[in-house]
Amino acid sequence: MYSGNSKITLIVAAAGVGKRMNLGYPKQFLEINGKPLFLNVLETAEKSRYIEEVIVVTGNESIEFVKELCKINNLLKVSKVVKGGEERQYSIENALEYCEDNSIIGVQDGVRPFLKEKYFSEALNILDENIYIDGVVVGVPLKDTIKRINSMGEVIETPKRDEFIAVHTPQIFRGKILKEAYKKARLEKFLGTDDSSLVERIGGRVKVIIGDYDNIKVTTIEDLKFL
């Protein structure tokens, strides 16, 4: 168990519009057991001794609602609720403006509700013990055989499954390199698929810790059957 002094500033991405869910409202506000999905994430962070503060990124029209929700649920670690951008990457970049360079910064999807505290302690342990590691991401081994195909749908290659990992959040980094990675991506107009891809492209070293298969991201209606 982590016994150091560093704590995490956690950015919670809750600015998506949920087009694939066809709900008519952002999927992070979908209620499960009487509360919005992303509230589960905020409650886990509130209880965690590894989290210093939480910054929530959400749609401009939802900022006051999120602030009120945090107030009602006594979520004292939520220090700021900021406006999101057109892409997830731009939303996280907005939140990074409020993070210190010398901090440890975590990024968590608001629609990945089964966040576990152990991910924080394991990541902090790695960053504390190895100064050459810049970030830690949670992932799970692939269960299915993977095929690489061409534009016609024809199989080109069947790569070794054990060389690949399905990456989740949280993703936790040293603040300086994460902010540098986001700045460079903006200047070069590069849009990554996740936070670690931005750190990797500027030479950052990222380590994977094995997570849990129940750490699902709610993206489509079919995902709801797992809740």
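Which residue in β6 does Val12 stand opposite? The first point below gives the reply.

1. Val12 stands opposite Gln108 in β6. The strands concerned are β1 (residues 8–14) and β6 (residues 104–109), which pair in the parallel sense over six bridges. Two strands are taken to pair if DSSP finds at least two bridges between them.

2. The model is predicted: local features need pLDDT of at least 70, side-chain atom pairs count only at pLDDT 80 or more, and totals for chains, interfaces and linings use all residues. Residues are numbered from 1 along each chain as its sequence is written, and side-chain values use heavy atoms, with hydrogens and water left out.

3. The chain has 227 residues, of which 46% count as buried (under 20% relative accessible area, with a 1.4 Å probe and protein chains only). Its secondary structure comes to six helices and 11 strands; these are DSSP runs, H or I of at least four residues for helices and E of at least two for strands, numbered from the N terminus.

4. Seven strands form an open sheet with mixed pairing, in the order β5-β4-β1-β6-β10-β7-β11. β5 (78–83) and β11 stand at the edges with a single partner strand each, so one side of each is left without a neighbour in the sheet. Neighbouring strands of the sheet are turned by 25 degrees against each other on average, direction ignored.

5. Strand β7 (residues 135–141) is mostly covered, with six of its seven residues buried. With β10 (residues 165–174), β7 pairs in the antiparallel sense over six bridges, and Pro141 has Ile165 as its bridge partner in β10. With β11 (residues 206–210), β7 pairs in the parallel sense over five bridges; there the bridge partner of Gly139 is Ile210.

6. The axes of helix α3 (residues 88–96) and helix α5 (residues 175–187) come within 11 Å and cross at roughly 130 degrees. That makes α3 oblique to α5, because angles under 35 degrees count as roughly parallel, over 145 as roughly antiparallel, 65 to 115 as roughly perpendicular and the rest as oblique. Axes are lines fitted to C-alpha atoms, for helices over the stretch in contact, and angles run from 0 to 180 degrees between N-to-C directions.

7. In α3, Arg88, Gln89, Ile92, Glu93 and Leu96 meet Leu178, Lys179, Tyr182, Ala185 and Arg186 of α5, contact meaning heavy atoms within 4.5 Å.

8. Helix α4 (residues 117–129) lies across β1, β4, β6, β7, β10 and β11, and runs at about 60 degrees to β10.

Methods. Buried means under 20% relative accessible area, exposed over 50%, partly exposed in between (1.4 Å probe, protein chains only).
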